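Here are my notes for anyone opening this entry for the first time. Have a look at the model, then read on.

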Amino acid sequence: MRQGVHPSYNFEALLTRTKPQPGELGRAKINAVAVRNRLALEFRIRRAMAIGSQVRGTAVRYYSDADYMYIFSRDDTRWGRATINSTTLLDNVRSLLIGRYPNTEIGRDGQAIVIGFAQGQRSMDIVPGWFDGFESRRPIYKIPDGAGEWIRTSPELHDSLFKTADLQARGKLSRTIRLLKWWKYSRATPLPISSFYAELVLSSLGTCVGVKSYSTCMYDSLLALHQRNGRALQDPAGISGLIPMASTQAKLQQAREAIASALDRAARACDAERVRNHLEANYQWNLLFNGEF
């Protein structure tokens, strides 16, 4: 952090150094192909596609996992005429991948199987799913809900909605999400706030549309999250039902408290910036980012 400069300089510098490098994305694609080849030994994989932050341009270097959805044949998700428990498919996928990567940590995190490539520094989330038809001319898939059942999702539709909102914000929405993720991760234990939730909330509100500095975008984003007070969001695409901010009540309370504290810091920083006290503004932003501004 350069202390006496305008905060916008430090925001731009932070965005530059936290942007994923081309080599990281290239390694993720190589790993995705290897995983597909392994899964194809026992399953009929129709498609493998990148999803999440790397597609929407909100990935953060060092912290964002590579997320891939593997579309299975419908027959692979059935036992007789019934659909199998989604946990069964997750366990089968994990067992198969352990055989391919015996010295790599492979676990289950709710809806996904997580492979800790490079001792966990380049983790990959594998979400199995199956095609369930079309809606609004976009494909709909069923994926595990983390509790044995299946939920509907449409990465292409969600990506399209987010990219439209980001275009309206001239790219500042995706960059502000990256700043929020850096705030979320810049501590010993990352804050339990769903990035997908934050992306949908801010894109649906048009939070970063207009002539705004990063300071204002950050303040407005934290204010929007604070005002929701942790309430689950009805999927703007009308696909996935209610989307929670955190997975448990304890984590939800932790998230609420962290957002309230960060909003106070952001307000102090913006007040200082308005009177051109850049030293104080940068100090407050550095506190908010836990010394990583």
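This is a predicted model: local features need pLDDT of at least 70, side-chain atom pairs count only at pLDDT 80 or more; totals for chains, interfaces and linings use all residues.

1. Residues are numbered from 1 along each chain as its sequence is written, and side-chain values use heavy atoms, with hydrogens and water left out.

2. Overall, the protein has 10 helices and 11 strands (DSSP runs, H or I of at least four residues for helices and E of at least two for strands, numbered from the N terminus). Its C-alpha atoms fill a box of roughly 70 × 40 × 35 Å along the principal axes.

3. How much of the chain is tucked away? Of the 293 residues, 48% count as buried, meaning under 20% relative accessible area with a 1.4 Å probe, protein chains only.

4. Now look at helix H5, residues 155–168: its 14 residues reach 20 Å from first C-alpha to last, close to the 20 Å expected at 1.5 Å a residue (1.5 Å times one less than the number of residues). Among its buried residues are Leu157, Phe162 and Ala165, along with Glu156 and Asp159. After H5 comes Arg170, with a positive phi near 55 degrees.

5. Finally, Thr176 sits in helix H6, residues 172–185. Thr176 is buried, at 1% relative accessible area. Leaving aside residues up to four places away in sequence, Thr176 touches Cys208, Tyr214, Cys217, Met218 and Ser221 (contact means heavy atoms within 4.5 Å).

Conventions:
Buried means under 20% relative accessible area, exposed over 50%, partly exposed in between (1.4 Å probe, protein chains only).
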